[in-house]
Amino acid sequence: MTSTVLKAGGLTKRYGRRTALADCTLTLPAGRVVGLVGPNGAGKTTLLHLAVGLLAPSAGTIEVLGRRPAADADQLARVGFVAQDAPVYAALTVGDHLRLGAHTNPRWDQRLASERVRALRLDPAQKAGRLSGGQRAQLALTLAIAKRPDLLVLDEPVASLDPLARREFLQGLMAFIAEHDASVILSSHLVSDLERVCDHLVVLVDSHVRVAGDVDDLLAAHHRLVAPRAAAAELPPGLEVIEQSHTDRQSTLVVRGDAPADPAVVVEQIGLEDLVLAYLSQGAATPDPVLEVTR
Amino acid sequence: MIEFHLDGRSGISPYLQIVQQVRQAMRLGLLTAGDQLPTVKDVVARVAINPNTVLKAYRELEHEGLVAARQGVGTFVTATLTDESLAAHEPLRKELAAWIDRAREAGLDTESIEALFTSTFRSLIEESA
Amino acid sequence: MIWTTWRQLRTQAWVTAVALGALGVALLVSGLSLARSYSSLGLATCGHSCSQAVAAFQAAAGTGLNGVLQTFAGLIVIVVPPLLGVFWGAPLVARELEAGTHRVAWTQSVTRDRWLATKLAVVGASAAGAAGLLSWAVTAWAHHVDTIDAERVAPSVFAARGVVPVAYALFAFVLGVTLGLMIRRTVPAMAATLGIYAALLFTMTQWVRRVLVAPVTLTRALDVEHLGGIGIVPGGTMTIDANTDDLHGWVLSSRVLLPGGQLFHPAVSSTQCGPDTSIDACRQWLTSQHLVQQVLYQPESRFWTLQWHEAGIFAALAVLLAAFCFWWVRRVA
């Protein structure tokens, strides 16, 4: 098994004149739960569709588990996917979906699939079109994990779910990866959805990758500084200012780098949600700077 | 067996919350040497967190010498934190209650009492650290 | 993949099978009664010569269940291929694209090419099979009627017999799949399928089939005694409609020519042949002109040649469209 689950170089996708993903260079380590965060329309779905081979790149390269996405049946078998809004065949029953999975996937784990259906209390005879949003998402997840992929890709899996269904979905997902060694990439426009489950984060804004890295490293590398305006103006070099706001006396900054030793500067830890928000607002204020941090 | 619960608003990282909850349970005598901790799968299936977070917490506890992992079986408590300190709890609690009563008599309201306690507690901990 | 394809076709397949089964029973009942009439009237031996028996047979074929089938069986064979295109072909991929389930289908361990190939093969073969069964049943049922009428190459009958319905069905199905793939919406794809299929079949019947195999040109002396009609515009020109009833086949054109080969299109003459002259005088004058009848037609004997040619064209179109589908499906996300 490779140590890299996804490797993209200069990856670009254009639809006509609109650029959905621009010059994305990214390396995602294996064995992680990678959160892909960004506002709606940032290019998350495009990146995930490129990763599972539903789309072909306009420029650049992408390798998933060391190979071109959807190159052949073997590559398809190694990647599980749940598309946005968890589409299922409305006219087919829950049981039909499992048979469909069994017939189209050589690595299909029938025991895992039926156990999950039982645990979720889904009726195998029920038409998938009559399931609730949460049940549909769980069925789609069952289909994706029972093919026993090495990589599971989920596009906004919990966005349309109510809080209870959201938690149940993530419980099922986490139980799967605790038991089977699979990498996961999941997207969301809400950091709070991903905070507990992700250990690696990619922030995508305006079709560009803003920041990427292990959550622990990102949290350790970023600080919030509260300082008098004068002190804030003389920060040591090497500190990268992600976000700043000023009153006439005081400055509040989110920075990346070692915290300054200046006693006038109050250094605070920053939470994941605030960290991501800092990058998102940076994207809104300055349209162009491309910051890529890859490990 | 104990169950973990995570507080998303506490500001304490999930892995640390698990470590603290195990220590707490050991201090209160809920977990003693030989008891098994919930498996990683059970924890994540219950609280929906990344399995690596649980593994990290268990590794930390192992590092502290409180638990030991047995390959293919699970993680077991190896130490006991209750010992004689548990016996000291009750008299200490009574003293603290008496102190709170005195603070009330001195005219402090609930918030002031809490602030005074917290700030004193923090500064003492920081001094000793 | 084959199971999946079958499972998704199940409802349509059942509806089609039940409808075909019901029609089959009706055709069997009617066919047996027609066969009895044919043999009891002795038509097997005397053929066209015994006009009374022919009339009796045609009367029997035109009443009751026979009559209903006479009206509708051919029509059903003609409409089934476009219906297969509309209800089996157009939704096949469009419904997946519309509901987003192609994202499920294309991320199972089956490549997109194989997915499309299986769908086209399984459903296409079923559509061709259904149309073939239907056409065979109607062709067999109509055997005696067709023998008597001897006009299987006429457009209204041609498309409802033999192998062309199979090719039509195959083409209509692949056309539906292609349009569904491109339009990505089921209902518009259905409408487009119907429209394009109808336009193409009309073009085929009106212009292509006539010259698919070079038609036979028959030149013979004009039989003045059995004219189809004489058209006279007072003070204008006259036209003569020659009779072609004795020719078995599909008459494409019939012209009356002068011995020199020029089109016979004289000005009306009041003394030789006009509103005031008698029909006999007119005939006499026409005979003196030594007129020639030139007929362009596809004889009845060409039925199978034309069938295979046309079936070949539609099958080839279906193959081309299928190849286009494989190219196009890679571009869809």
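I began with the terms: axes are lines fitted to C-alpha atoms, for helices over the stretch in contact, and angles run from 0 to 180 degrees between N-to-C directions. Helices are DSSP runs (H or I, at least four residues), numbered from the N terminus. I noted that this is a predicted model, in which local features need pLDDT of at least 70 and side-chain atom pairs count only at pLDDT 80 or more, while totals for chains, interfaces and linings use all residues; side-chain values use heavy atoms, without hydrogens and water. Residues are numbered from 1 along each chain as its sequence is written, and chains are lettered from A and ligands numbered from 1 in the order in which they are written.

Entry: helices of chain C.
I looked up H4 (residues 64-99) and H6 (residues 112-141) of chain C, whose axes come within 10 Å and cross at roughly 180°. H4(C) and H6(C) are therefore roughly antiparallel, a label for angles over 145 degrees, with those under 35 degrees called roughly parallel. For contact I used heavy atoms within 4.5 Å. On the H4(C) side the contact residues include C:Leu69, C:Val80 and C:Trp88, and on the H6(C) side they include C:Trp115, C:Ala127 and C:Trp141. By class, this contact of H4(C) with H6(C) has 17 nonpolar, four polar and two charged residues. In these classes Ala, Val, Leu, Ile, Met, Phe, Trp, Tyr, Cys and Pro are nonpolar, Asp, Glu, Lys and Arg are charged, and the others, Gly among them, are polar.

Entry: helices of chain A.
I then took H5 (residues 133-145) and H6 (residues 163-179) of chain A, with axes that come within 10 Å and cross at roughly 10°. H5(A) and H6(A) are therefore roughly parallel to each other. Among the residues in this contact are A:Ala137 and A:Leu141 of H5(A), and A:Phe169 and A:Phe176 of H6(A). I count by class seven nonpolar, three polar and one charged residues where H5(A) meets H6(A).

My other pair was H3 (residues 94-104) and H4 (residues 110-119) of chain A; their axes come within 11 Å and cross at roughly 165°. That angle makes H3(A) roughly antiparallel to H4(A). A:Val94, A:Leu98 and A:Ala102 of H3(A) touch A:Gln110, A:Ala113 and A:Val117 of H4(A). The classes there are five nonpolar, one polar and no charged residues.

Entry: chain A with chain C.
Which chains share the most contacts? Of the two pairs of chains in contact, they are chains A and C. I found 26 residues of chain A in contact with 21 residues of chain C. These two chains bury about 2,100 Å² between them, 64% of it on carbon and sulfur atoms; buried area is the accessible area (1.4 Å probe) that two parts lose on being put together, summed over both. A:Leu54, A:Tyr89 and A:Thr104 supply 31% of the area that chain A buries against chain C, more than any other three residues. I recorded one salt bridge between chain A and chain C, a side-chain nitrogen of Lys or Arg within 4 Å of a carboxyl oxygen of Asp or Glu. A:Asp96 and C:Arg7 form a salt bridge, with their closest N and O atoms 2.8 Å apart.

Entry: chain B.
Chain A puts 15 residues in contact with 15 residues of chain B. The area buried between chain A and chain B is about 1,100 Å², 53% of it on carbon and sulfur atoms, and the pair has two salt bridges. I looked at B:Lys41 and A:Glu179, whose side chains meet in a salt bridge (3.1 Å, N to O). B:Lys41 lies in helix H2 (residues 40-47) of chain B and A:Glu179 in helix H6 of chain A, so this pair joins two chains. Chain B and chain C do not touch, and their nearest C-alpha atoms are 25 Å apart.

Key:
Angles under 35 degrees count as roughly parallel, over 145 as roughly antiparallel, 65 to 115 as roughly perpendicular and the rest as oblique.
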